[in-house]
Amino acid sequence: MCGIIGVVSSKPVAGKLADGVRRLEYRGYDSVGLATLHDGQIGIRKGVGKVDEVDAKQHFAQALGNTGIAHCRWGTHGGITLNNAHPHLSPDGTIAIVHNGIIENYLDLKQQLEGVGHTFVSETDTEVIAHLIELERTRGAAAAQGTLKDAVARAARKLVGSYALGVVCTDEPDTLIATRNESPLVVGFGEGEHLIASDVAAILTHTDTVIYLDNREVAVLSAGECTILDDAGSVIEKEKHTIDWDVEAAEKGGYEHFMLKEIYEQPGKLADTISPRLRDHEVVFEAETGITPEVLRGIDRVIFLACGTSWHSAMVGEFLFEELAKIPAEVEYASEFRYRNAPIPPGTLVIAISQSGETADTNAALEEAIRRGTRTLAICNVRGSSMTRLAHHTLYTHAGPEIGVASTKAFTTQLAGLYLLNIAMAQAKATLNQQQIDTMLQALRQAPLQVEQILDQNEHIQKIAKHFTARSNAIYLGRGAHFPIALEGALKLKEISYIHAEGYPAAEMKHGPIALIDKQMPVVVIAPNDKLTYQKTLGNIEEVKARDGVVIAIATEGDEVIPNLADHTIFVPDSLYSIGPLLTVIPLQLLSYHVAELRGCDVDKPRNLSKVVTVE
């Protein structure tokens, strides 16, 4: 969940390191630091706080050397202190290390090291790795195998857990070593230099050419050479990938926050995800995904694996598979799936959903499904990510880099991918006739423009947000396909404004939550005008108003009833009920954004959260 960058170059690297950790700030962190090699010594500059705060005291740009590593830490072991900040040193001061992940056996290793005289200055699991590398290097030297790469490889074999490591040593000042297991790490190819990063956003300014390290591989880098070794120490060739995101896409582009920019990017990103896969009367993605009509016809059940916002998109997917493809679907918390022995019958497709493709819980659950011999599909935004390399098939969304911690455009493009998949399956299984398919395709084509129309209500939504700023709690209600949107709206509010919010199926309000409703309780009701749920949702609004609750309703354009019942109404364009979640979520994103902004919260970097959860 932390951020790593490392550079070995023919030129000074301090500027690139500082720029890299700034571009990784969105991942969430509590401290920051860098280490550079110069004149046979390691210089470390680090501190607690934001990058600019620490830089003002430590003057990162003044660090000397052509080889270095940097890190922003999201604490898992030990408090937020200077000693616990990265980079960490070996006892003899010759090795510096940065680390993402969690070492599960660090206490056992620490006790072993203390038994041979090692003393620790931090509470972290990372410092243990630095000590272990030093010990392995000393042992290796006696056997004429004391190179840094060998010491790192031997030490890594003793680690249980997840890690991405960047390591430098004074005895090999022109070398940068990197390795990983269950935590992402890329190697970038620059001009007269090589770079490592936990996220391509950190190095896009310097290169668009990368390779993705797989588990237990070791990268040995100098300014002019890149050697990749497998777990057995043999040299291997890795495919290079070109990143098609430009640097400008990762900048704010005049918006106050990344989150607001990303909300407004949704019409274009939805079009990018939908349009290339549509023909006049069908969805076409066989060449891209390897999913043929024959494969789709053989699927009798779907299991979703996801976390957080992606879990909510999976819940919409569950509705779609049952409604359109007429097959049973279930949604699993990925973090729980691997610890259960849930039956996976033949004919099951396991769909893993993740923006980054590096969500540790989801990837672990995906690996478990693969181990059981199940066909798997990833819905993901990042090419070359761990998830896409694990799954049998991948359906890429085209959201582009999402920097704001609270996911917006990644969520809606995931929904778009699920619509495409369901239409293709409904066509393959003939559960919808061609007229119904054409109607779905037309609604999907219109969705980007309809999202634009909702965004035009931004000022209206901002005014409504003012009624939230002094509140401590909120309830979100939705029915059917809009229940997951109630969950997603509540999650967005709590993530970035720190207002406690809960989403419920609207009918469940009477089974407990109604006790909370009074004049201090805002209740957001998602109430599209559909024949099945509309009248019952109107009843929910009446019940809230009878108890002095404040109702903010999401209603269909042209509705003349709800504005007379609700305190505030936000309209969305009329569309098919199944497409509705793609529209009703947009005002909830804007509402959360404006509430957080009005409350003075750090919208893009909410406290205690990380963009990419790479630890379980």
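1. Two strands are counted as paired if DSSP finds at least two bridges between them. Strands (E, at least two residues) and helices (H or I, at least four) are DSSP runs, numbered from the N terminus. On that basis β11 and strand β15 (residues 241–242) pair in the antiparallel sense over two bridges, with Thr-209 opposite Thr-242 in β15. Strand β11 (residues 209–212) also pairs with strand β9 (residues 186–190), again antiparallel, over three bridges. In that pairing Val-187 has Ile-211 of β11 as its bridge partner.

2. A note on the source: this is a predicted model, in which local features need pLDDT of at least 70 and side-chain atom pairs count only at pLDDT 80 or more, while totals for chains, interfaces and linings use all residues. Residues are numbered from 1 along each chain as its sequence is written, and side-chain values use heavy atoms, with hydrogens and water left out.

3. Overall dimensions. The chain holds 20 helices and 25 strands. Its radius of gyration (taken over C-alpha atoms) is 26 Å, close to the 25 Å that the globule rule (2.2 Å times the number of residues to the power 0.38) gives for 616 residues, so the chain is as compact as a globular protein of that length. Along the principal axes, the C-alpha atoms fill a box of roughly 80 × 55 × 45 Å.

4. Of the 616 residues, 61% are buried, where buried means under 20% relative accessible area, exposed over 50% and partly exposed in between (1.4 Å probe, protein chains only). A contact means heavy atoms within 4.5 Å. Among contacts with a separation of 6 or more, 71% are between residues 24 or more positions apart.

5. The seven-stranded sheet. An open sheet runs in the order β5-β6-β7-β8-β12-β13-β14, with antiparallel pairing. The edges are β5 (88–89) and β14 (235–236); each has a single partner strand, so one side of each is left without a neighbour in the sheet. Within the sheet, β7 (residues 161–169) and β8 (residues 172–181) are joined by five bridges, and Cys-169 stands opposite Glu-172 in β8.

6. Thr-179. This residue is found in strand β8 and is buried, with a relative accessible area of 1%. A polar atom of its side chain lies 2.7 Å from the backbone oxygen of Glu-217. A polar contact here is a pair of N or O atoms within 3.5 Å; within protein, one must be able to donate a hydrogen and the other to accept it, and residues adjacent in sequence count only if both atoms are side-chain atoms. Leaving aside neighbours within four places in sequence, the contacts of Thr-179 include Val-152, Tyr-163, Leu-185, Leu-213 and Glu-217.

7. Helix α5. One of the contacts of Thr-179 is Val-152, which is among the buried residues of α5. Seven of the ten residues of helix α5 (residues 148–157) are buried: Leu-148, Ala-151, Val-152, Ala-153, Arg-154, Ala-155 and Ala-156.

8. A parallel pair. Strands β16 (residues 301–306) and β17 (residues 329–333) run parallel and are joined by five bridges. Val-302 stands opposite Ala-329 in β17. Between the two strands the chain passes through helix α10 (residues 308–325), and this β-α-β crossover is right-handed, meaning that, with the strands pointing away from the viewer, the path from the first strand over the helix to the second runs clockwise.

9. Helix α7. In α7 (residues 266–274), Gln-266, Pro-267, Lys-269, Leu-270, Thr-273 and Ile-274 are buried. They cover an arc (of the directions from the helix axis to the C-beta atoms) of only 165° around the axis, which puts them on the same side of α7. The buried residues of α7 pack against α6 (258–264), α14 (409–429), α15 (434–455) and α20 (580–598).

10. Ser-385. The backbone oxygen of Val-382 lies 2.9 Å from a polar atom of the Ser-385 side chain. Not counting residues up to four places away in sequence, Ser-385 touches Ser-356, Gly-357, Glu-358 and Cys-380.

11. Val-572. This residue belongs to strand β25 (residues 568–572) and is buried, with a relative accessible area of 3%. Beyond neighbours within four places in sequence, Val-572 is in contact with residues including Ile-454, Ile-554, Leu-583 and Pro-587. The C-alpha atoms of Val-572 and Ala-470, 102 residues apart along the chain, are separated by 27 Å.
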